[in-house]
Amino acid sequence: MLRIPCPWCGPRDETEFCYGGQAHVPYPADPSTVDDADWAGYLFFRDNPKGWFAERWMHRAGCQRWFNVVRHTVTYEISASYPPGTSRPDVA
Amino acid sequence: MTWQLTPRLPAQPDFLWAEAEPKASYDVIIVGAGGHGLATAYYLAKNHGITNVAVLERGWLAGGNMARNTTIIRSNYLWDESAGIYEHALKLWEGLEADLDCEVAFSQRGVLNLAHSLGDVREGRRRVNANQLNGVDAEWLTPEDVQKIAPILNISTDVRYPVLGATFQPRAGIAKHDWVAWGYARAAHAMGVDLIQGCEVTGVLREGDRVVGVDTVSGPIRAGRVALAAAGHSSVITASLGLRLPLQSFPLQALVSELLEQVLDTVVMSNAVHVYVSQAHKGELVMGAGIDGYVGYGQRGSFPVIEHQMAAAIELFPIFARAHVLRTWGGIVDVSPDASPIVGLTPFEGLYVNCGWGTGGFKATPGIGWVFADTIANDRPHPLAQPFALARFADGALIDEHGAAAVAH
Ligand SMILES: Cc1cc2nc3c(=O)[nH]c(=O)nc-3n(C[C@H](O)[C@H](O)[C@H](O)COP(=O)(O)OP(=O)(O)OC[C@H]3O[C@@H](n4cnc5c(N)ncnc54)[C@H](O)[C@@H]3O)c2cc1C
Ligand SMILES: [Zn+2]
């Protein structure tokens, strides 16, 4: 069981959250100019690292807000938790 | 049904395979000695006469998902492309023991896919129709028919997930996964394939856009062609080439009970409640759960997934309440956006991928071994692999099998 630190509510069990995949994947700035390969990239291709990963979570059973977490995908250690719209902190 | 306390288990062959030292170069290097890698090596040798082949395995042979899965074999997928590859595999399963000259305990005991909602019923009936059009055996069963096949199943209507019907594929079943791996390993070894354990591939060697070998923990090994069959670790290997794959790796768990008398002689799966169960040859109940909710490479799963799965299993099979969980384990599965595999050529000459089988690639083992070997030998996609090309994510021709494959199996 993960203990995920919500930036607003503090640490809670993973069952209170839902997952949003890789963080910092922006919607294309000018969609009408994006070609098929780049659309595929935006829609389907995500990093899948064995190591540190910045990902989105939503505190579904709590404050219902989205935020980002930096988590290690092997040890599951969490090194940062930060509000959306802020950049990935320089940890791990 | 024959009721037996100690079903006969065949004796292991005296000799399986011998460890090999890596040579300086090979015609083909296969990365990963799971079922897919081993079957690919076997068919490369048998169907194409290519025997200067090494299978490189990071850990031990079949120590990945191959010997962690719940061994369900079926071909009742929705789309024509899927029916093509999975039915090809099922036909090969039907002759596999004779072909490999080795028992694999393939047991065609049928698979039920339960429907618990109107949506499930519609999806199931549609899939039965599609299966029949593709020559795949499939029937739609009422709850009463379902109970005739699985008498211990609770079909009462006052439960959280009532059984409203089921699809049934009689030719589906289970096999002993480790014996399948050993059977392929033994037969491939006998034809000259080198099986090399403890040999992690750490990078891919290239000259321009051509792949010429791999880097390993035991040094570089050259190869004319490199074929990836690394399941949950595929992205890690291609990342060293800057090649991105549309995959996310997740832990998937399963568990077994103690040995019990035979109470279930078919396979029961339920998408909605994420549980699938069969009773293995020795008598243990084998149950699979869903994937964890987040990307992970830890070969263990999260406990809430098991709790949820057990609650559902006990509602469906009240007598399971007395059984005990003996062992749980997890494997790392490579999930693609459309729940279909990715097979074929890559932007790099001489590099072939076979991945994205996610929660359901065991059943495909003979079929994909056959098709991937043909793709590698001829440097073009086998017709059954063609629709599963990496290019489909850009051209939009997805093969959406979430209905047939959303549950892990
Ligand atoms: C709990 C669970 C239940 C499942 N149930 C079913 C089921 O009922 N029916 C079904 O059809 N499918 C099922 N599956 C899915 C199925 O097991 C997989 O899709 C299938 O095994 C994948 O092919 P494989 O056997 O070649 O994979 P694996 O056995 O995982 O083989 C990949 C191999 O590559 C090796 N490798 C990885 N990286 C490297 C590297 N860098 N260098 C060298 N070697 C490397 C790994 O160590 C591993 O041995 C299940 C999976 C799990 C985890
Ligand atoms: Zn919160």
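Predicted model: local features only at pLDDT ≥ 70, side-chain atom pairs only at ≥ 80, totals over all residues.
Local features need pLDDT of at least 70 and side-chain atom pairs pLDDT 80 or more, while totals for chains, interfaces and linings use all residues. Residues are numbered from 1 along each chain as its sequence is written, chains are lettered from A in the order written, and side-chain values use heavy atoms, without hydrogens and water.

User: What radius of gyration does chain B have, and what would a compact globule have?
Analyst: The radius is taken over C-alpha atoms, and the globule rule is 2.2 Å times the number of residues to the power 0.38. With 409 residues, the rule gives a value near 22 Å, which agrees with chain B at 21 Å.

User: What share of the residues in chain B is buried?
Analyst: Buried means under 20% relative accessible area (1.4 Å probe, protein chains only). Of the 409 residues in chain B, the buried share is 60%.

User: What percentage of the contacts in chain B with a separation of 6 or more joins residues 24 or more positions apart?
Analyst: A contact means heavy atoms within 4.5 Å. Among contacts in chain B with a separation of 6 or more, residues 24 or more positions apart account for 76%.

User: Which residues of chain A lose the most area to chain B?
Analyst: Contacts link 23 residues of chain A with 25 residues of chain B. The buried area, meaning accessible area (1.4 Å probe) lost on being put together and summed over both parts, is about 2,000 Å². Together giving 34% of what the chain A side buries, the residues that lose the most are A:Phe44, A:Phe45 and A:Asn48.

Terms used: Buried < 20%, exposed > 50% of the residue type's maximum accessible area, 1.4 Å probe, protein only. Buried area = accessible area lost by both parts, 1.4 Å probe.
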